[in-house]
Amino acid sequence: MRGIPAVGAAGLSATAAWESVLEGAVEVAHRSVEPPRAGRLESLPAGLHRDVRAVLEARGITGVYAHQAETWEAAARGESVVVTTGTASGKSLAFSLPVLDAVARERTARALFLYPTKALAQDQARWLAGLGLRGLRPAIYDGDTPVEQRAHVRRTANAILTNPDMLHVGVLPHHDRWGDVLHNLRVVVVDEAHVYRGVFGSHVANVLRRLRRLAHAYGAEPQFLLASATIANPGELASRLTGLDVRVVDTDTSPRAEREVVLWNPELVDEELGIRASPLGDASRLLAGLVAAGLRVICFTKSRKAAELVHRFAADRLDAATARRLAPYRAGYTPEQRREIERRLVEGELLGVTATNALELGIDIGTLDCAICVGFPGTVASLRQQWGRAGRRAGGLAVLVASEDALDQFFVDDPPALLGRTTEAALIDHSAPRILDGHVLAAAYEGPLTAADADVLGPEALARAAVLPELEATPAGFVWRGRDTPAARISLRSGDTEAFVIVEEETGSVLGTAERERAFSTVHDGAVYLHLGDQYGVTRLDLGTRTALVRPVAVDWYTQARKETETTIVTPLSTRQVAGVELHHGRIEVWEQVVAFQRKAVADGSVIDTTPLDLPPTSFETEGVWFSPDGGLLEGIGTMPTLVSALHAAEHALISLLPLFAMCDRWDIGGLSTNVHEQTGRPTVFVYEGHAGGVGITERGFACFAEWVADTAVLLARCPCKAGCPSCVQSPKCGNLNELLDKAAARTLLERMTAA
């Protein structure tokens, strides 16, 4: 990358300022402009309560956009609604209008707002309090709420802002304390609904059903108002989350400023090995150059450590006075520190912020000129959310600094594949037994389960209640026999009730959990574990207590486990002919055993040493797709070891691009390729979901298999490396340590499948 000049802001427009920074940069792989859109306002709804109308007009809100009007009308008819429009389009006002109107009309009415992060709840609470609406009493109820204030919130607040975790363990199991709230509950708002996908979303769907069940028991039938970023299936997601019929509102007539989009690809420093310059280094130089030009910038990174590094590198490139106007924003800060950074952002004191995705969501952080994303964040929906932080009120610059990951390189080589791509589908399955069982126990603790509960919890819940040994059938229904609170056993972020707890051995603080089927490959003795970007060395994995003890380390190597994997086809669910193969989707059992680990140098990936491990095998049942290529597809590549190397490389590449079609991470997906599978008797490739039970990720892959294969073939054709690299066929989580990979043969196979 060429040196970025420091440009004075005086006399330069924002566009001219960033042009001076980007001009001549060889790393710019693509530039385009998204045109502006003029807004179209309608009058405030005629039926809006006069007090609400007065406070809105006092704040300069004299009209609504189409999606706000449609949400109001549907809510007035008693319908549940999901509003899905672009960033900065006013979704918060859309779901707030029915709440404000209900509170203004009915003194006892209560509303519950659910947010995935505490920062979002804080932001909405400030907005509600600032309205000054007579009778509106907003309050936050989460883990930061002082114990001595909680009873007061329950008694007096009529707009209660919380998160799914607090609802799950702090409200529903103690519903007797919340009787007045539940009896008068009129509206439940679920903001940022697209976040509730995969295992987390499947848990939240059960929490919302438990909420509906208890509200009904207290005589209320609240309507649900959801807001989501633009995704492929907002109605399906909202219905699966709530168990209700939900109207989709997606007409967006809000204004949108012009935005310039730049795809930035760090310089290729070794073409044969596919090694590029550091995306963190390039991002820090971009950040410093844009800030020096007087622009306000937010830079998103995937980890806490990356956010700190980009901040430090950028600050080192600026004079002391300008460097003081930069700040990192990430998890790990105290609430007071985070609020102070938010205040400095809103008031314009800060020029540059490096952040993890805590600021991706809809917090109002003022007017920013530029948004930089370091690495594709995993979904198009997330990328648009992050880019949408800049240029919300005037023109903006949106930059994706590509990493060496296969998805990133696929997009910079084919910008229309990114910029013209429809958003992914958010997938959940609340009825998967590994997820459902804990919520069935929690529901029985909250009140006896009867046949009538099938209408809300689902028939699967009653079927599971009949076989769970901790429940007892009584004339009143299934009741909890234990002495503890079953909800406390369930982590909403995990699908495994036998998860390992990761503990910092000196402080005793819990860093997180690892599902049983992942713990042996990520927190084994001697592993380097990354928590929000920070390094920890695993000193002991205790199988008896399911605890991994770790301590902070600073090393220039990482660890990768070697494991042996087998798959057994349990139940084929669907079969079709596509891409020259017979493609199957169904339930499979995955058997894995971690047998060793390697230490590898961060600098070049070279192997330092290999250490054997003695760990028991694990198994789990999940969903997957599989196919067995034969005949002309394997001509010239059908002998060993070329055959298994081609299948292995194709499997890796397919896994890397499945997130294009389903909202997931490559770490949510596993695979197996073999020259002869014992059940099919033929060469076979499996791609399966890495969580027990599955949530529909591979079902989505089954539905769009032809496009998935075609895009993967294009990825291999475009990658400039000779024999395979992290941008095409090498995987950071390969159980065979990326041995036996033939990029050319995999490309041949996938191109033949595409042609077929």
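Y688 is buried, with a relative accessible area of 3% (buried means under 20%, with a 1.4 Å probe and protein chains only). The model is predicted, so local features need pLDDT of at least 70 and side-chain atom pairs 80 or more, while totals for chains, interfaces and linings use all residues. Residues are numbered from 1 along each chain as its sequence is written, and side-chain values use heavy atoms, without hydrogens and water.

**Aromatic rings**
- F620 is also buried, at 4% relative accessible area.
- There are 10 aromatic pairs (ring centres of Phe, Tyr or the six-membered ring of Trp within 6.5 Å; planes under 30 degrees apart are stacked, over 60 edge-to-face, the rest tilted).
- F620 and Y688 form an edge-to-face pair, because their ring centres are 6.5 Å apart and their planes stand at 65 degrees.
- This pair links strand 29 (residues 618-627) with strand 31 (residues 684-689), its two members being 68 residues apart (strands are DSSP E runs of at least two residues, numbered from the N terminus).
- One aromatic cluster is formed by F376, F410 and F411.

**Charges over rings**
- R150 lies over the face of Y141, 5.7 Å from the ring centre (the rule asks for NZ of Lys or CZ of Arg within 6 Å of the centre and within 35 degrees of the ring normal).
- The charged end of R576 is over the ring of F702, at 5.3 Å from its centre.

- Seven strands form an open sheet in the order 6-7-5-8-9-4-10, with parallel pairing (a pair needs at least two DSSP bridges).
- Strand 6 (138-140) and strand 10 (246-249) are at the edges with a single partner each, so one side of each has no neighbour in the sheet.
- Strand 4 (residues 80-84) and strand 9 (residues 223-228) run parallel, joined by 4 bridges.

Note on methods. Buried < 20%, exposed > 50% of the residue type's maximum accessible area, 1.4 Å probe, protein only.
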